[in-house]
Amino acid sequence: MKQTHQCPSCHVGAMEIFYEVDAVPSNSCILLGSREEATEYPRGDIRLGFCPECGFISNVAFDPRLTEYSGRYEETQGFSGTFNAFHRALAERLIEKYDLRGKEVLEIGCGKGEFIALLSQLGGNRGIGFDPGYREDREIPIQEGQVTFIKDFYSEKYAEHQADFVCCKMTLEHIPRTHDFMATVRRAIGDRSDTIVFFQIPEVIRILRDCAFEDIYYEHCSYFSPGSLARLFRQNGFDVLDVDTEYGDQYLTIEARPATGDVTAPLPREDDLDLLKDYVASFPQRCDAKLQMWRDRFAEWRAKGLKTVLWGSGSKGVSFLRSIDTDGQIEYVVDINPYRQSYFMSGTGQEIVAPAFLQNYRPDVVVIMNAIYQDEITRDLNALGLAPHVVAV
């Protein structure tokens, strides 16, 4: 008998499997100290299911026991000038829009603490951040005692930590039971009707439309569109104030507050269920064609004897290398994050190197994992006296 999976977001629809990938690395950002450890790292399967009732997409094969979020989970983007400019502008916008000055601010899944530090520093706020992967040895620009960090997953037991502003960035996609999680957040807020809630996650319509296979990996078990995210929030007692995309339409953001009466009408952007159904139906065929295009491109570079490297050792890079199977053609992966250098890519085992390594290696082609960094990376290459062919995924 075929197994059915109830939607973990709306608890109404049954998930329809539309995309499957076997034996993918179960962690992409864990620091792995040897090629052997990297190639033998535990793997899991991806079975993406689509809920036709609410539009939510989930890896129904996800097993949280295979993931690890600890001090060796190195995910920060804070070494990029491009990202830091976006991050600061986002903090400034939210502080201005919601008058976050002298307030209590809380972040669920704060990573290494950069964003909660920005909110606290720029607005003179008092912050608290939750993340089992937080590192005390990372220096962030805050006054002593301005932010408290708790190295744990946020849960019901921390409901006593009340705040005027609750944010959760690039974390909900890691949580399999999304409805239960949002119910926890809502219960913790209680009757504080003025509390603003801000979430940021990857946006799935872009992933489906562009067949962004590099954005599908094991840690990301939950995928949202504007409509499916707003429906989740409304179902759990929130009024949706705004839903938008940012950072080259890669990030989906939602701003909400606890509902106190009649729920506000859906925003025009939430009407995306038919579009999602169309993209889901055609995704497997279109994705196979895109994967073959990349395999042909690598074969062409190999035939010409061109030396190729990847730039970007995070989750996109892990997913890309596993999907393309470059068969030893890629020896090195470049990353500007010094904490990732000298470690190895999960699943495929390439060594992660600093940009300066390329001065001697002198690649002919640099494949970058995110087009939004192309100008920044090109400048870095030029500063090293290099002018390879740069290709963005």
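Before I start, residues are numbered from 1 along each chain as its sequence is written, and side-chain values use heavy atoms, with hydrogens and water left out. Because the model is predicted, local features need pLDDT of at least 70 and side-chain atom pairs count only at pLDDT 80 or more, while totals for chains, interfaces and linings use all residues.

Let me begin with the sheet, where 5 strands are arranged in the order β14-β13-β12-β15-β16 with parallel pairing. Strands here are DSSP runs of E with at least two residues, helices are runs of H or I with at least four, and both are numbered from the N terminus; two strands pair if DSSP finds at least two bridges between them. At the edges stand β14 (351-353) and β16 (389-392), and since each has a single partner strand, one side of each is left without a neighbour in the sheet. From one strand to the next the twist averages 30°, with axes being lines fitted to C-alpha atoms and angles running from 0 to 180 degrees between N-to-C directions.

Looking at one of these pairings, β15 (residues 365-368) joins β16 in the parallel sense over 4 bridges, and V365 stands opposite H389 in β16. Helix α10 (residues 374-383) lies across β12 (308-311), β15 and β16, and runs at about 160° to β16; contact here means heavy atoms within 4.5 Å, and a helix axis is fitted over the stretch in contact.

Now to helix α7 (residues 273-303), which has 31 residues. Where does the kink in α7 lie? A kink of about 55° is found at F283, shortly before the proline P284, the bend being the angle between axes fitted to the seven residues ending there and the seven starting there. Several residues of α7 are buried, among them L273, F283, W294 and F298, where buried means under 20% relative accessible area with a 1.4 Å probe and protein chains only. Just after α7, G305 takes a positive phi of about 75°.

Finally, the rings: the count comes to 26 aromatic pairs, meaning Phe, Tyr or Trp rings (the six-membered one for Trp) with centres within 6.5 Å, called stacked under 30 degrees between planes, edge-to-face over 60 and tilted for the rest. F298 and F320 form a tilted pair, at 6.0 Å centre to centre and 50° between the planes. This pair links helix α7 with helix α8 (residues 315-324), across 22 residues.

Conventions
The expected span of a helix is 1.5 Å times one less than its number of residues. Buried means under 20% relative accessible area, exposed over 50%, partly exposed in between (1.4 Å probe, protein chains only).
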